[in-house]
Amino acid sequence: MPRLTIDGATVSCPPGLSVLEAAASAGIDIPALCHDPRLAPAGACRLCVVTIDDADRPVPACTTPVSEGMAVQTTTTELRELRRTLLAMLVRHYPADAAATNPGLAFHRMLAHYGVSATGAADPHRVDSSHPNIRVDLNHCISCWRCVRICDEVQGQFTWRIAGRGADSHVVPDSGTTLADSTCVSCGACVDTCPTDALTDVGVIQAGSATGWTRTTCPYCGVGCEMMVGSRDNRIVEVVPARDAPVNRGHLCVKGRYGFGFNTSQDRITTPMLRTSSGEWVPVGWDEAIDVAVRGFRRVIDRAGPTAVGVLGSARATNEENYLTQKFARVVLGTNNVDCCARVCHAPSAAGLKAVFGTGAATNSFDDIEIARTIVVCGSNTTEAHPIVGARIKQAALRGANLVVIDPRRIELAGYADVHLRPRPGTNVAVLNSIAAALIDEHLVDEAFVAQRVDDFPAFRDFVAAYVPERVSSITGLDPADVRRAARLYGGQGPSMLFHGLGITEHVQGTDAVMCLANLALLTGNVGKPGSGCNPLRGQNNVQGSAHMGCEPHHLTGMIALADGRDRAAAVWGAPVPEIRGLDAMEMLDAAEDGRLDALWVVGWDILLTQPQTPSVERALAALEVLVVQDLFLTETARRFATVFLPAASSFEKDGTFMNSERRIQRIRRAVSPPGIVKTDADILCEAAAAFGWGSHFSYRGAQDIWDEIRRLWPAGAGMAYQRLDRPGGLQWPCLDEDHPGTSLLHRDRFPGIGARATLRRVDHRPSAEQPSETYPLVLITGRELYAFNAGTMTGRAATAALTDGAVLEISPDDAQRLGVIDGTEVSVQSRYGAVVLPCRISDRMPPGTVFTTFHDPAVPVNAVTGPGRDLATHTPEYKVTAVNIAGAGTASRDVGYASSSKS
Ligand SMILES: Nc1nc2c(c(=O)[nH]1)N[C@H]1C(S)=C(S)[C@@H](COP(=O)(O)OP(=O)(O)OC[C@H]3O[C@@H](n4cnc5c(=O)[nH]c(N)nc54)[C@H](O)[C@@H]3O)O[C@H]1N2
Ligand SMILES: Nc1nc2c(c(=O)[nH]1)N[C@H]1C(S)=C(S)[C@@H](COP(=O)(O)OP(=O)(O)OC[C@H]3O[C@@H](n4cnc5c(=O)[nH]c(N)nc54)[C@H](O)[C@@H]3O)O[C@H]1N2
Ligand code: SF4
Ligand code: SF4
Ligand SMILES: [Mo]
């Protein structure tokens, strides 16, 4: 630890810090403009000049490393004069009135402190208002290039360029024209770092800046970015990244940054509502709404028993609320018919990883991205669906990590990949087995690891020999040489880290494919060490938590099988746990359709839009006698079929915890109060339980009280007291007691419940029933885009709405030419099950034979087209493969543009 003096004070700090960082760590503020701790030091503004020892030339503190015995002066008269001169030069063209308009801005305070006045005049031509979220005013640009650097070094978008020379140099988007026309993905990082008003959030200009800040966790995806929510008059006006969050390290994506507007959308439902016999909604008080819901459920249970009712938890609600949801189902209603959205998403990841490794969750953490030498991304469009992870992977690749992408589509990461394998959709098992076979015949197996930690290698070796790349290329469509190159990187240049998404799970062989990924990790010893493992990128903010809290028919809190956890749960609950096997979400809808289930309670899940085979879902929902929907908005499910609507508070309006993809439990905190008489899901469920006569079993003093009950049932979470979760990043489970530091890396030397050794799985490829035919010659993949989230319920009501083109059918130039489809015209997509009409976009990121669209737009209900295929083990729907044909509907429609780059 070098010791130095700064302005006479002795400071000791770790080696390798800059003088600027050392000073900051000692609470000494050295002025700087081009510095941002998220960026490599640039030494450009030179405002941070200091003198060192007795040298006569001052040096920038940001680029000068500390050394033992150094004596630093930060505030001599000479330095002050130098800074004054530098500042005066910077503001020669800066608008003279700017400081008066926004005196609170740190830069303006700095000008005042040094007695420097700006002398320029604003030129309206230097303002670009084209972007819906970001206003660019180059009159205020002081050429610190922080926007350029953060866009390059953190987001990896390279949108800002420096044009011109010397005093004429200025920033310009890569479009050469406006920011709206550039490759910008609206992450807001450049705005966040800009030290002046050159880049500003449009929302802040409109609503005023925040007067209060609350730290919380993003309400959107399973990455779990921590954010600071700025509010004013009980309204959210801006959201910025938490700088010290281990997940996002001072960065957010467009949804976290600009997607909060739904919270105050005009159509938030603010009172409970009942549907009258004529089909109208009438607002009612809470007592009446809950009374009607409870009487309906009781009627069905009295008549048909508790197997005729079911509950669906919300992957968007907190752990505490999901815990109450399943406790409500089991204790109050007496049924194990309880499930959540993980069913249609990553249930195969949980099942497959549990089967092989003993824990059904990611083995490693996002911090391993920077450790891995090789990263494999399989069936995950990471930069659009998990953008913060995507940005970290891009930076790792730019710094030299090997990247293998396995995806039929040329997603953005494919542009950074050393190998891009583009298999036929639905052939993952054959693809992954062929990589395993290549690892074996190219001697890339980690023999020491296999000897110590892996069972059944000889049988597996013999089995998988049938899958050598050359033998299965007719199934996978892959060039065997590419498969071998991928195997060599993965097996030969470790540590190697696997990430996967729905391109693995949402198939008839979802769970099988997850086990095939696990095989690769076992064969190469990429388990239980930093920079390795098998890591599902989980979907919604709390989908993993929802299932983990017990919203699963066969599991209790902590993913403990019913039979194993029953006694303990019964003791903690003071009530028996039902014995009868529960139905999962898919089975509940089947049961509703054929009259075996009559009442359903749905918390935050728009099943009508998002379940496959819409006509069948419609029949199921129409057949229900009671449908209670608890949501922020009147979703399509609620609007068409609910009998009772209970308005719920958003995550910005309550306290609790979410679980992210890395098993991290993080706090959410109430930033604003809910509108109208809206209640939290927890309060709603407790009141419903009380109306059933179970009030004493559902009486809590708040979220923490519920969490403490969860900790009694879930040994791996027992150590995560609320006070401990308050720190940045919370804690990762397992965390067995209050002294346990949490676990960032699983399976170091044993597999829980299994022992030291795991078993390789011999899984054969089974083709999907959705094979292209003469009538349905194309394969439709459904998935996501950056600017819209799932059913679009929230992003469609926020500043993100202006950024999306809406649903389009992406088709390869070959297919478009063959079928005579013209870019931008409407086409009808027909499958064996239904049809949907939408505009098409010719895109060279699509391979011939495959088309793609999203399911985010309620006006384009894509699930009318998807089919009945389900993963055998978990029933997760086969959203990723539907045989379709397309017919031109003929009409020219809105301009959807030609997508020739990865950004579309
Ligand atoms: N912007 C945005 N972010 C989101 C969401 C959102 O709606 N919008 N939703 C969240 C949720 S709930 C989830 S679950 C995640 C999902 O995140 P992802 O898993 O990334 O989502 P998808 O786009 O559905 O599918 C991923 C990729 O699988 C590929 N794929 C399809 N079939 C195959 C195949 O047979 N083999 C292989 N190897 N790849 C295939 C597709 O081409 C696609 O690029 O995103 C979360 N984040
Ligand atoms: N064709 C096709 N269909 C798909 C997929 C696909 O790839 N292709 N993906 C599937 C996947 S992976 C998923 S996860 C599902 C997603 O399907 P959904 O779960 O329906 O999608 P979300 O938009 O996440 O909607 C959740 C609802 O929760 C509400 N909500 C938000 N916060 C709260 C809260 O705190 N409390 C309550 N009570 N409600 C809240 C929102 O308003 C919204 O209505 O879609 C599936 N459907
Ligand atoms: S918003 Fe993000 S992507 Fe867009 S220019 Fe700024 S830093 Fe780059
Ligand atoms: S990556 Fe996910 S968690 Fe992070 S800001 Fe974006 S949507 Fe939110
Ligand atoms: Mo999902």
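I count a residue as near a molecule, and so part of the shell around it, if one of its heavy atoms lies within 4 Å of it.

**Ground rules.** My model is predicted, so I keep to pLDDT of at least 70 for local features and 80 or more for side-chain atom pairs, while totals for chains, interfaces and linings use all residues. Residues are numbered from 1 along each chain as its sequence is written, chains are lettered from A and ligands numbered from 1 in the order written, and side-chain values use heavy atoms, with hydrogens and water left out.

**Ligand 4.** I looked up what surrounds it and found a list that includes Cys218, Cys221, Cys225 and Cys253, along with Lys255, Pro387 and Ile388. Helix H8 (254–258) and helix H13 (387–398) each give at least two residues to this shell; helices here are DSSP runs of H or I, at least four residues, numbered from the N terminus. I sorted the shell by class and got 9 nonpolar, 2 polar and 1 charged. Cys and Pro count as nonpolar, Lys as charged and Gly as polar in that scheme.

**Ligand 2.** Here 33 residues make up the surroundings, with Arg316, Asp606, Thr610, Asp631 and Asp681 the closest. Next I checked polar contacts (pairs of N or O atoms within 3.5 Å). A polar side-chain atom of Asp631 sits 2.6 Å from a ligand 2 oxygen, and one of Lys654 sits 2.8 Å from an oxygen of ligand 2.

Why does ligand 2 lie between domain 3 and domain 5? Domain 3 (273–344 + 542–732) and domain 5 (778–891) both give residues to its shell, with bounds from an automatic or database domain assignment.

Definitions and conventions. Polar contact = N/O pair within 3.5 Å; in protein donor to acceptor, adjacent residues only side chain to side chain.
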